[in-house]
Amino acid sequence: MIDATTEPVPADVNEAARKIAQAMKHAESAEQCVDNESAYILLYSAVHKALAAVLISIGLRVGSGERGHVVLIREAKKHLGAEHAALLSRLDRARRKRNSVSYETEQITDGELVAMKHDAMLTLETAGRFVQEQKTSPASD
């Protein structure tokens with residue numbers, strides 16, 4: 001199969017804002033999980049939604065194909081700027097960890113969960129600011 005690519009779509013900051021709100025709900029739901037693995041998966045889902053919001057706010061989305069999550073993180077890294085490169089590299093590692101938890105039987109330690117919570121909240125804050133900037137930029141008028 002062919003790797004996913006980004007595709008141009010109409011920029012939609014309102015949809016992006018809805019994705020951020022849904023991402024926040026995923027992160028809040030992770031607090032209610034009784035096991036670390038479920039919480040980790042929900043936090044990763046929140047991150048995924050937030051990064052998708054970044055792209056939709058500027059008129060991009062990841063299309064179908066293999067490695068869509070890899071493409072999403074790579075594209076978000078391009079648009080969020082160098083100051084967030086380390087965060088996005090950690091999220092790429094979290095993507096691989098999430099795959100191991102989802103498709104195998106790997107467990108998440110308390111420390112790994114704490115780190116993911118931190119990175120997820122930082123991602124949601126960063127993505128939220130990015131989307132808000134797109135809302136108020138002259139190009140969105």
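Let's start with glutamate 75, which sits in helix 3, residues 68–80, of this predicted model. Its relative accessibility is 7%, so glutamate 75 counts as buried, the cut-off being under 20%. Leaving aside residues up to four places away in sequence, glutamate 75 touches Thr6, Leu55 and Leu60. There's also a polar contact, at 2.9 Å, between the side chains of glutamate 75 and lysine 78. Cysteine 33 is another matter: 42 residues separate it from glutamate 75 along the chain, and their C-alpha atoms are 30 Å apart.

Now for helix 2, residues 36–57, and how it packs with helix 1, residues 13–30: the axes are 8 Å apart, at an angle of about 170°. Anything over 145 degrees counts as roughly antiparallel, so that's what helix 1 and helix 2 are to each other. Helix 1 brings residues including Ala16, Ile20, Ala23 and Ala27 to the contact, while helix 2 supplies Leu42, Ala46, Lys49 and Ala53, among others. By class, the residues of this contact come out as 14 nonpolar, 5 polar and 2 charged.

Helix 2 also meets helix 5, residues 110–136, with axes that come within 9 Å and cross at roughly 20°. Under 35 degrees counts as roughly parallel, so helix 2 and helix 5 get that label. Their crossing is left-handed. On the helix 2 side, the residues that meet helix 5 include Tyr40, Leu43, Val47 and Val54; among their counterparts in helix 5 are Leu113, Met116, Leu124 and Phe130. The contact of helix 2 with helix 5 has 17 nonpolar, 4 polar and 3 charged residues.

Notes
Residues are numbered from 1 along each chain as its sequence is written. This is a predicted model: local features need pLDDT of at least 70, side-chain atom pairs count only at pLDDT 80 or more; totals for chains, interfaces and linings use all residues. Side-chain values use heavy atoms; hydrogens and water are left out. Axes are lines fitted to C-alpha atoms, for helices over the stretch in contact, and angles run from 0 to 180 degrees between N-to-C directions. Helices (H or I, at least four residues) and strands (E, at least two) are DSSP runs, numbered from the N terminus. Angles under 35 degrees count as roughly parallel, over 145 as roughly antiparallel, 65 to 115 as roughly perpendicular and the rest as oblique. Contact means heavy atoms within 4.5 Å. Ala, Val, Leu, Ile, Met, Phe, Trp, Tyr, Cys and Pro count as nonpolar, Asp, Glu, Lys and Arg as charged, and the others, Gly among them, as polar. A crossing is left-handed if the near helix is turned anticlockwise from the far one by less than a right angle, and right-handed if clockwise. Buried means under 20% relative accessible area, exposed over 50%, partly exposed in between (1.4 Å probe, protein chains only). A polar contact is a pair of N or O atoms within 3.5 Å; within protein, one must be able to donate a hydrogen and the other to accept it, and residues adjacent in sequence count only if both atoms are side-chain atoms.
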